[in-house]
Amino acid sequence: MSLPPEHPVYSMSLLESAIQRLLESGIELQVTKKRVKNINFRLKPHILLVSVPKFISPMQMAQSIAKRVPWAIENHAQVLEQYKRKQSTSSESSIADSSLLLWGIAQPFTLNHDEKITYYRQQLSEVMPSLFDKWQPIVGATANEIRLKKMHTRWGSCNTRARRIWLSVYLPAYPIECTEYVIVHELCHLHHANHSAAFWQTVATAMPDYQHWHNMLAGKTGQLD
């Protein structure tokens, strides 16, 4: 039996479908109720920000967001490319000019940018198996596949359907606890696909001091999905 459009469960299902479609394209939905007259949409790298009037009904909100999903997915690549162009130059310049850091500790030698990427990839590959072995039982979720990638706009990402987790090769520049936090963050997405209150509670339960490492990475170009 199909549900009528006015049924609360129908609007929830419509919204959940929109959230899932966005997540599959690497976009997180963030909805905020404000003192506004109309629903406003703002597409940023990996985030669709939606401001909705406080008086709006769940069905109106769900329908409006669902209609905007194709637009967000279609335009996200362009938004992401513009952001990457701005960030990649400063990011690569910074990592090339700064002293070599490994797990937050300065090393007694220097490498150019490409050598650093190779070095970081090797270092991260070596510790990754033990870190996932440590945190997967704690989080209660297991990834089917783990990959490394040169990412300027993310520290990590998770494909919940394939249970595939990506980590940024830039992570070894920071204390190893930052990498552990990213692993916990992405594993928790296997329980909660979005960044709901339940998601953050799962993160806090697994790693009570996560906020410290989260803050250390905040503003350092990458973000989490």
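This is a predicted model: local features need pLDDT of at least 70, side-chain atom pairs count only at pLDDT 80 or more; totals for chains, interfaces and linings use all residues.
Helix α4, which spans residues 176–188, has 13 residues and reaches 19 Å from its first C-alpha to its last, close to the 18 Å expected at 1.5 Å a residue. The helix is mostly covered, with 11 of its 13 residues buried. These buried residues are C178, T179, E180, Y181, V182, I183, V184, H185, E186, L187 and C188, and they pack against a set of elements that comprises α3 (113–139), β7 (156–159), β8 (164–168), α5 (197–206) and α6.

The packing of α4 against helix α6 (residues 210–217) can be described in geometric terms, as the two helices meet at an angle of about 105°, with their axes 9 Å apart. An angle of 65 to 115 degrees counts as roughly perpendicular, and α4 and α6 are therefore roughly perpendicular to each other. On the side of α4 the contact involves E177, C178, Y181 and V182, which meet Y210, W213, H214, M216 and L217 in α6. By class, this contact of α4 with α6 has seven nonpolar residues, one polar residue and one charged residue.

Leaving aside residues up to four places away in sequence, E180 touches L131, K134, W135 and M207. With one of these residues, K134, the side chain of E180 meets in a salt bridge, at 2.7 Å from N to O. Because K134 lies in helix α3 and E180 in helix α4, the pair ties together parts that are 46 residues apart in sequence. The two partners fall into separate accessibility classes, in that K134 counts as partly exposed at 42% relative accessibility, whereas E180 counts as buried at 8%.

The structure holds four salt bridges. One of them links E24 with R161, the closest N and O atoms being 2.8 Å apart. Since E24 lies in helix α1 (residues 8–24) and R161 in the loop between β7 and β8, this pair ties together parts that are 137 residues apart in sequence. E24 is partly exposed, with a relative accessible area of 44%, while R161 is exposed, with a relative accessible area of 64%. A further salt bridge is formed by R147 with E145, for which the closest N and O atoms are 2.5 Å apart. Both residues of this pair are partly exposed, R147 with a relative accessible area of 33% and E145 with one of 27%. E145 and R147 also belong, together with R164, to a network of salt bridges.

Most residues other than glycine have a negative phi. H46, although it is not a glycine, has a positive phi of about 70°, and its place is in the loop between β2 (40–44) and β3 (47–53). At 5% relative accessibility, H46 counts as buried. W103 likewise has a positive phi, near 55°, in a residue other than glycine, and lies in the loop between β4 (101–102) and β5 (105–106). W103 is buried as well, with a relative accessible area of 18%, a value that falls under the 20% cut-off for buried residues.

Technical notes
Residues are numbered from 1 along each chain as its sequence is written. Side-chain values use heavy atoms; hydrogens and water are left out. Helices (H or I, at least four residues) and strands (E, at least two) are DSSP runs, numbered from the N terminus. Contact means heavy atoms within 4.5 Å. Axes are lines fitted to C-alpha atoms, for helices over the stretch in contact, and angles run from 0 to 180 degrees between N-to-C directions. Angles under 35 degrees count as roughly parallel, over 145 as roughly antiparallel, 65 to 115 as roughly perpendicular and the rest as oblique. Ala, Val, Leu, Ile, Met, Phe, Trp, Tyr, Cys and Pro count as nonpolar, Asp, Glu, Lys and Arg as charged, and the others, Gly among them, as polar. Buried means under 20% relative accessible area, exposed over 50%, partly exposed in between (1.4 Å probe, protein chains only). The expected span of a helix is 1.5 Å times one less than its number of residues.
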